[in-house]
Amino acid sequence: IMRRLVALAAALLLAGCAGSQKFGDHPEIAGKPTGAVRIARSMSAQGSAITAPIHVDRYRVGLLGPGGSISVIVPAGRRLISSTMGDVPFEIRPGATAYFEVSPPGLMWLREPDFEVQPINAERWRQLVGGDR
């Protein structure tokens, strides 16, 4: 039983370190002009066993581990993006791409770490993901 628990724990840790993934797109995109949102998290030992929940318009689009990235399609217009800290408003034009970075966890309280989301440019995105993934 102990071997199975160790194997399960290792599998969960590795899952948190996944690279580029496509998660669920925004639920309201049918028949509307859309844009892309790309979110990346730097590779950092700080909080490496903890995934950051990512929300667009308070709809959970995925979990992001260190060195990982998420790409989602969202309706064009004013949107909100967040993790465990406050919402960050942004505007997405049809066919455009918005880029964001999730900070490593700040304060590690007993219940939940603090992850912030901030806008970045395409060049910073490429640095974080190691190319155009």
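Predicted model: local features only at pLDDT ≥ 70, side-chain atom pairs only at ≥ 80, totals over all residues.

**Strands, cores and aromatic pairs**

User: Over how many bridges do S3 and strand S6 (residues 77–82) pair?

Analyst: Strands (E, at least two residues) and helices (H or I, at least four) are DSSP runs, numbered from the N terminus. Two strands pair if DSSP finds at least two bridges between them. S3 and S6 run in the antiparallel sense, and the number of bridges over which they pair is two.

User: Which residue in S6 is the bridge partner of His55?

Analyst: His55 also stands opposite Arg60 in S4, and S3 and S4 are joined in an antiparallel run by five bridges. In S6, the bridge partner of His55 is Ser82.

User: Which residues of S3 point the other way from Ala52, Ile54 and Val56?

Analyst: In a regular strand the side chains alternate between the two faces of the sheet. S3 is mostly covered, with five of its five residues buried, where buried means under 20% relative accessible area, exposed over 50% and partly exposed in between (1.4 Å probe, protein chains only). Ala52, Ile54 and Val56 point one way, and the residues that point the other way are Pro53 and His55.

User: How many residues does the largest nonpolar core have?

Analyst: A nonpolar core is a set of buried Ala, Val, Leu, Ile, Met, Phe, Trp, Tyr and Cys residues joined through side-chain atoms within 4.5 Å. Val37, Ile39, Ile54, Ile81, Phe100 and Val102 have the most contacts (heavy atoms within 4.5 Å) inside the largest core, whose residue count is 19.

User: Why is the pair of Phe90 and Phe100 given its description?

Analyst: Rings of Phe, Tyr and Trp (its six-membered ring) pair if their centres lie within 6.5 Å; planes under 30 degrees apart count as stacked, over 60 as edge-to-face and the rest as tilted. The structure holds two such pairs. Because the rings of Phe90 and Phe100 have their centres 4.9 Å apart and their planes at 65°, this pair is edge-to-face.

User: How many residues apart are Tyr99 and Trp125?

Analyst: The ring planes of Tyr99 and Trp125 meet at 50° with the centres 5.8 Å apart, so the pair is tilted. Tyr99 lies in strand S8 and Trp125 in helix H2 (residues 122–129), and the separation of these distant parts of the chain is 26 residues.

User: Why is S8 described as largely enclosed by the rest of the structure?

Analyst: Strand S2 (residues 34–41) pairs with S8 in the parallel sense over six bridges, and strand S9 (residues 117–120) is joined to S8 by four bridges, running antiparallel. Tyr99, at 17% relative accessibility, counts as buried. S8 is largely enclosed because the buried share of its residues is five of the six.

Conventions. Residues numbered from 1 in each chain as written. Heavy atoms only, no water.
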